[in-house]
Amino acid sequence: MSLEESHFIALADPLLERLAEAIEDGRDDADADLEGGVLTVTLDNGGTYIINKQTPNREIWVASPKSGAHHFVWRDERWVSTRDPALALLPLLSAELGVALS
C-alpha cells in the first residue's frame, strides 16, 4: 500500500536534510546542495550524485556515478530498492560515499 503524500513528505524531507548534513560534515571533498527536494552531491573528483524525492511515486530516486540508478520505497521502516528489497538506501550511500548515515 502506498504512503499518503503527507506521510511520504514527512519521511523524505528530513531524510534529504540529514543526508546533506552528513555528507557536508563527513567529507572534505564533497559539496551537498539541497534545493526543492533534490540533493546534488558533487565530489571534487568529478562524480555527482543526484538524490531526490518523487512525490507522485512515493519514492526516493538515486543517480549514482558508481552504481547507477536506483528507486527506493518506504517499507518495513526503511527505504528499500524497488528492484532488490535486500538493498537499502542508507547502507548503499554510506558504502559509496564513505560517511556514516543514520
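Which helix holds Glu24? Glu24 lies in helix α1. This is a predicted model, where local features need pLDDT of at least 70, side-chain atom pairs count only at pLDDT 80 or more, and totals for chains, interfaces and linings use all residues. Residues are numbered from 1 along each chain as its sequence is written, and side-chain values use heavy atoms, without hydrogens and water.

**Negative patch**
- Glu17, Glu21, Glu24, Asp25, Asp31, Asp33, Glu35 and Asp44 form a surface patch of negative charge.
- Patch members have over 30% relative accessible area and no salt bridge, with like charges joined within 9 Å.
- Two or more patch residues come from each of α1 (5–26) and β1 (30–35). Helix α1 gives the largest share, four residues.
- Helices (H or I, at least four residues) and strands (E, at least two) are DSSP runs.
- Glu24 counts as partly exposed because its relative accessibility is 34%. Buried means under 20%, exposed over 50%, and partly exposed in between (1.4 Å probe, protein chains only).

**Salt bridges**
- The whole structure contains two salt bridges. Each needs a side-chain nitrogen of Lys or Arg within 4 Å of a carboxyl oxygen of Asp or Glu.
- Asp13 and Lys53 pair through their side chains at 2.5 Å, N to O. This pair links distant parts of the chain, 40 residues apart: Asp13 sits in helix α1 and Lys53 in strand β3 (residues 48–54).
- Asp13 has a relative accessible area of 26%, so Asp13 is partly exposed.
- Arg27 and Asp29 form a salt bridge at 2.8 Å, N to O. Arg27 is buried at 16% relative accessibility, whereas Asp29 is partly exposed at 30%.

Key:
Patch = residues over 30% accessible without salt bridge, like charges linked within 9 Å, V, L, I, M, F, W, Y side chains within 5 Å. Areas by Shrake-Rupley, 256 points an atom, 1.4 Å probe, with all protein chains shown as cover. Lys, Arg positive; Asp, Glu negative; His and termini not counted. Charge placed at Lys NZ, Arg CZ, Asp CG, Glu CD.
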